[in-house]
Protein chains: 4
Amino acid sequence: MVWERRTEWPLVVAALMFLLGYALPILDPGVPPALRSGCTVILAATWLVFVVDFLGRIWFAERRGHYLVRHLPDLLVLAVPILRPLRLLRLLVLVKVLNRQAGNALRGRVAIYVGAAAVTVIFCAALAVLDAERGRPGANIATFGDAAWWAVTTVMTVGYGDRYPVTVEGRFVAVGLMVAGIALIGVVTASFATWLIDKVRQVEAESRAATSADVNALRTEMTALREQLALRADESTGNGSTQKP
Amino acid sequence: MVWERRTEWPLVVAALMFLLGYALPILDPGVPPALRSGCTVILAATWLVFVVDFLGRIWFAERRGHYLVRHLPDLLVLAVPILRPLRLLRLLVLVKVLNRQAGNALRGRVAIYVGAAAVTVIFCAALAVLDAERGRPGANIATFGDAAWWAVTTVMTVGYGDRYPVTVEGRFVAVGLMVAGIALIGVVTASFATWLIDKVRQVEAESRAATSADVNALRTEMTALREQLALRADESTGNGSTQKP
Amino acid sequence: MVWERRTEWPLVVAALMFLLGYALPILDPGVPPALRSGCTVILAATWLVFVVDFLGRIWFAERRGHYLVRHLPDLLVLAVPILRPLRLLRLLVLVKVLNRQAGNALRGRVAIYVGAAAVTVIFCAALAVLDAERGRPGANIATFGDAAWWAVTTVMTVGYGDRYPVTVEGRFVAVGLMVAGIALIGVVTASFATWLIDKVRQVEAESRAATSADVNALRTEMTALREQLALRADESTGNGSTQKP
Amino acid sequence: MVWERRTEWPLVVAALMFLLGYALPILDPGVPPALRSGCTVILAATWLVFVVDFLGRIWFAERRGHYLVRHLPDLLVLAVPILRPLRLLRLLVLVKVLNRQAGNALRGRVAIYVGAAAVTVIFCAALAVLDAERGRPGANIATFGDAAWWAVTTVMTVGYGDRYPVTVEGRFVAVGLMVAGIALIGVVTASFATWLIDKVRQVEAESRAATSADVNALRTEMTALREQLALRADESTGNGSTQKP
């Protein structure tokens, strides 16, 4: 817990640095070699930060083996180079931090989270697919504009087919995007459903269900009645011990 | 409140005028120059109406700064020329006005609102994309029929890919349409879900939950019993002060 | 009511005849002229049956004007030739009749109804789009196999774009199909949602809510107590009129 | 029941063998003739196993005719050669077996089941469509990579249209995949909806509905009160028979 709280902001900074080092050579293929080397250094440095954070979290976990098994995806993202773009998803922590300020209304928080997550996922997927596709034979995604447009049509499950990945890496990015799209549709639909159910329920709510509290109040009244009765019995007969419950 | 009620109908008229001035040069590219100038004048006049309405709403707001922050999108639509087509969404007010006449059944109102909003959004998006795409190199949307057909396939997330925008403006229109489409699917699904849940609940409803009213009636009965008991006690013992609760 | 019950089976027969007369010239463009004329006669005859049924329903309606307004779509389908394929939707009555035999489980009935309705709608849409598209310049739907394949990809909102309508009539068929597809997804999702909610509720159901019946039983007990008390008061004091509630 | 439990693991083995014999000649069209014959033998052997299992299940069923009617799809999969790929769905039993180990949380089990089922269905559909399409005139699915990519875009209802089936067999595979896709979206959406409803409900849960148990406790108290009252009546009047309830 302490580790997670302390590392939150450093990890946000590292994710932003990673975004810079990852996005720059992709967005501008003609960057000077010095800047490109700088980006490589940044990527290595942020990778180190993420590894240290992961080791720290395992170290402070109560059941280390259990924690490792449950966070296997985090390990894979750190260890397998091809999963590198997924490190950008660390930026979702930023959404979480910002969201904490945003107050308490559950539905509003879901809306902000979904919106920010969708933008983050689309941006990262566009970068990753551009990295995978540009310059490959038969590829039709050549600029960041094309890549972002393709990412939007994919995540919304529209899929015009004017742009689509042709490489294996690009297709894996697409699969991830589609899964995110299905989840997005699911969350949006679910939000509308709960909103509508609430509206309908409010109309019905004038006949409120009796709560345990209502019944308990009744019970207190009942106990008072029994005591009153027992008292009277004592007064009229004189023996107050047999009728006490 | 008073401002909103008073400006409702003028705004509907302004939105319809805006629709006329916006749609005419798009639907018929060969309009005579005089008519085209007239449309430009209408667009400027309706813009003024919208600006005055916005200033009025801020003026009469209780917390002006707060109101401005919450209605930032309205400000952007008025200030940024490229967001101009969004002013057509003012027509949704018309749906709201008509809907007020339509009675009280929540689900029916949702259906009418969704249907009218979908038609309005599709029509406006078709106009906007036609304006953005026609005559551009590589564009495949050249007539209003094509644009409307493209808008329908997009909002339904079908996306055949026989028509698609190629300009940046057109793609932004598409993103807006897709978001509307996801919301549309969400609302339709949610409506079916609540309808089905209601149907299932009606079958189960023969064992109605006890309401607070039921329990309160019981409590009144209980109080009457205690008073009856206290009265009897008074009669038989003669001292009516000690047992009153 | 009587009219609706009496005309149910004749209408099913008329719809099947209409299907025959409508589908035959579409499925086999090379039918001999005699058969083609026969189909035209069948279409006219079934049209008469539908008109007579509509007039009868208005005649026996309690509030005729109100009925006419509410069934305006039926009138349009009968009066406007281009809406003719929609008469095939009469076959959905068959689903309703068959469904009545199928017993009472709500969810099962929804599944059967949705499945049968989907197949009917896809079949009718494939016929209508083939009728609209075949032989037109630039059309890519030329056989019933193509049309059915296109209808399935459309209703499922997949939309590969290998086949798509290019005529106005065909595009209207497509819009109807897409709306049906959105409704289909909505119903399927809603069914899963209610099923899952029921499963979750069953787990929680061990603490059943108190029903009105429970509370009413308690109230009867209370009334009995008050009468018992009143009886005892009569016995001990001798005056039985003042304490009766 | 005993038959089902005893045959579970043999059927899993048979399904894996069937997968081997079915997938090998499809994945590598250039297998030596000896291996190809071996695969044919394996397919025949596993078919025999499935037939024996089906006969056994009918034999041990309580109402054999009823069982046969309800499991007609199983019979069709065994009898009709073109439905052969559906035998691969036997592998879903494996998911069921693994799932039994996975504990009790309903939502977690749904997630695992949906994920595993989606992967199985996509893999089997890719094999089946590759078998149907490869080498046909006009086909654009020629490798397993293409087939898997097509299957994913179809099940997610994205449908770019860069790959699509052109044969009747391939299109039937596609229809099955799309139905699975709609079901997948439905389940995912429903899961989010129930999760969100639960979250909202937890916030509201501080006013818990009164249960039957609460009311019954109250009733016991009431009965005790009446007995107490009857006892006192006996003591004061001396005749204990008339006032017992």
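In which kind of crossing, left-handed or right-handed, does α2(A) pass α4(A)? The crossing of α2(A) with α4(A) is left-handed. The model is a predicted one.

**Helix packing in chain A**

- Helix α2 of chain A spans residues 33-60 and helix α4 of chain A spans residues 72-79; their axes come within 10 Å and cross at roughly 155°.
- Because angles over 145 degrees count as roughly antiparallel, that crossing makes α2(A) roughly antiparallel to α4(A).
- On the α2(A) side, the contact is made by A:Trp47, A:Phe50, A:Val51, A:Phe54 and A:Arg57.
- On the α4(A) side, A:Asp74, A:Leu75 and A:Leu78 take part.
- By class, the residues of this contact of α2(A) with α4(A) are six nonpolar and two charged, with no polar ones.

**Helix packing in chain B**

- In chain B, helix α2 (residues 33-60) packs with helix α4 (residues 72-79) at an angle of about 155°, and the axes are 10 Å apart.
- The two helices, α2(B) and α4(B), are therefore roughly antiparallel to each other.
- The handedness with which α2(B) passes α4(B) is left-handed.
- From α2(B), the residues B:Trp47, B:Phe50, B:Val51, B:Phe54 and B:Arg57 meet α4(B), where B:Asp74, B:Leu75 and B:Leu78 are their partners.
- The contact of α2(B) with α4(B) consists of six nonpolar residues and two charged residues, and no polar residue is among them.

- A:Asp53 and A:Arg57 form a salt bridge through their side chains, with an N to O distance of 3.3 Å.
- About one helical turn separates A:Asp53 from A:Arg57, because they are four residues apart in helix α2 of chain A.
- A:Arg57 is also one of the α2(A) residues in the contact with α4(A).

- Four residues from chain D and four residues from chain B make up the contact.
- Between chain D and chain B, the buried area is about 280 Å².
- Carbon and sulfur atoms give 60% of that buried area.
- Over all chains, the structure holds 16 salt bridges.

Terms used:
Residues are numbered from 1 along each chain as its sequence is written. Chains are lettered from A and ligands numbered from 1 in the order in which they are written. This is a predicted model: local features need pLDDT of at least 70, side-chain atom pairs count only at pLDDT 80 or more; totals for chains, interfaces and linings use all residues. Side-chain values use heavy atoms; hydrogens and water are left out. Axes are lines fitted to C-alpha atoms, for helices over the stretch in contact, and angles run from 0 to 180 degrees between N-to-C directions. Angles under 35 degrees count as roughly parallel, over 145 as roughly antiparallel, 65 to 115 as roughly perpendicular and the rest as oblique. A crossing is left-handed if the near helix is turned anticlockwise from the far one by less than a right angle, and right-handed if clockwise. Contact means heavy atoms within 4.5 Å. Ala, Val, Leu, Ile, Met, Phe, Trp, Tyr, Cys and Pro count as nonpolar, Asp, Glu, Lys and Arg as charged, and the others, Gly among them, as polar. Buried area is the accessible area (1.4 Å probe) that two parts lose on being put together, summed over both. A salt bridge is a side-chain nitrogen of Lys or Arg within 4 Å of a carboxyl oxygen of Asp or Glu.
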